[in-house]
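Here is a briefing on one protein model. Please look over the sequence and the coordinates before reading on.

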Amino acid sequence: MRDRQPIGILSFQGDFAAHAEALRRAGATPRFVRHMADLTDLAGLILPGGESTTMLRFLQAEPWFAAIREFAAAGRPLLGTCAGAILLARVVTQPAQPSLGLVDMTVRRNGYGRQVDSFTATLTIPRLGPDPLELVFIRAPIIESVGPSVEVLATWGDHPVWVRQGQIFAATFHPEMTDDARIHQFVFGLNRP
Ligand code: GLN
């Protein structure tokens, strides 16, 4: 049964523990992913927030790029948050760095600058219902542009903050840092019977 299969969280660095709590709140079972074999039989995968350069060092030490692309090609849902969104992008700037290219978007690291590097915003996201969502941004990237196959699910200011390309989702904020489980439920289909 799909809802018995765990959802993985890439757990080299960053706020993977907060995502595990968020998944539990959303009614799912988390699995910390540190070895490629941990990807087996997962219902989905989260690339958490943290420091994308540090995560890249782990991802490039073994054929993780191929393994994650294969995971995505099998149609399983992915969610990248903040640093995780940077890893999913097609193009990364400030500075340029390798990325998985699973979402056709260009992201600029630390795009909100140093003076406002962490902030919260409140936003109503139609796809999640009428109740507003609190968005926590921590040294967040800015999504500068998206390709035609990318759907923008939420925009804050002039920039998309939550997007999807098929079953692959990227958020520049931290949905795992509030009690609101709707993003995790939406991405992984946990609110459907
Ligand atoms: N600034 C980090 C990076 O560029 C991302 C910050 C975060 O994930 N909260 O990787």
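The notes below cover the sheet, the salt bridges and the annotated site.

This is a predicted model: local features need pLDDT of at least 70, side-chain atom pairs count only at pLDDT 80 or more, and totals for chains, interfaces and linings use all residues. Residues are numbered from 1 along each chain as its sequence is written, and side-chain values use heavy atoms, with hydrogens and water left out. An open sheet of seven strands is present, with mixed pairing. Glu51, Arg109 and Arg139 form a network of salt bridges. The UniProt annotation "active site", from an unreviewed entry, covers Cys82, His174 and Glu176.

**Sheet and helix**

- The strand order in the open sheet is β2-β1-β3-β4-β12-β11-β10. Strands (E, at least two residues) and helices (H or I, at least four) are DSSP runs, numbered from the N terminus. Two strands pair if DSSP finds at least two bridges between them.
- β2 (30-33) and β10 (151-156) stand at the edges. Each has a single partner strand, so one side of each lacks a neighbour in the sheet.
- From one strand to the next, the twist averages 20°. Axes are lines fitted to C-alpha atoms, for helices over the stretch in contact, and angles run from 0 to 180 degrees between N-to-C directions.
- β1 (residues 7-10) pairs with β3 (residues 44-47) in the parallel sense, over three bridges. Within this pairing, Gly44 in β3 is the bridge partner of Ile7.
- β10 and β11 (residues 159-165) run antiparallel and are joined by five bridges. Val152 stands opposite Val163 in β11.
- The hairpin of β10 and β11 has two residues between the strands. In this hairpin, Gly157 takes a positive phi near 65°.
- Helix α3 (residues 64-73) lies across β1, β2, β3, β4 (78-81) and β12 (168-171). The helix runs at about 135° to β3.

**Salt bridges**

- The count comes to seven salt bridges. The rule asks for a side-chain nitrogen of Lys or Arg within 4 Å of a carboxyl oxygen of Asp or Glu.
- Side chains of opposite charge can pair when their charged atoms come close.
- Glu51 and Arg109 meet through their side chains at 3.0 Å, N to O. Glu51 is in the loop between β3 and α2 (52-59), and Arg109 is in the loop between β6 (103-108) and β7 (118-123). The two are 58 residues apart.
- Glu51 also forms a salt bridge with Arg139, at 3.3 Å, N to O. Arg139 lies in the loop between β8 (133-138) and β9 (142-146), so the pair ties together parts that are 88 residues apart in sequence.
- How accessible are the members of this network? Buried means under 20% relative accessible area, exposed over 50%, and partly exposed in between (1.4 Å probe, protein chains only). Arg109 counts as buried at 8%. Glu51 is partly exposed at 22%, and Arg139 is partly exposed at 32%.
- A further salt bridge joins the side chains of Glu144 and Arg108 at 2.3 Å, N to O. Glu144 is in strand β9 and Arg108 in strand β6, 36 residues apart. Glu144 is partly exposed at 36%, and Arg108 is partly exposed at 24%.

**Annotated site**

- The record's "active site" positions are Cys82, His174 and Glu176. UniProt positions are given in the numbering used here, feature names are shortened, and annotations may be inferred rather than shown by experiment.
- These residues spread over 95 residues of sequence but cluster in space. The largest C-alpha distance is 10.9 Å.
- Cys82 is in the loop between β4 and α4 (83-88). Cys82 is buried, with a relative accessible area of 4%.
- Beyond its neighbours within four places in sequence, Cys82 contacts residues including Gly49, Arg139, Thr172 and His174. Contact means heavy atoms within 4.5 Å.
- His174 lies in the loop between β12 and α5 (182-188). His174 is buried, with a relative accessible area of 4%.
- Leaving aside neighbours within four places in sequence, His174 is in contact with Asp15, Gly49, Cys82, Val136 and Ile138.
- The His174 side chain makes a polar contact with the Asp15 side chain at 3.4 Å. A polar contact is a pair of N or O atoms within 3.5 Å; within protein, one must be able to donate a hydrogen and the other to accept it, and residues adjacent in sequence count only if both atoms are side-chain atoms.
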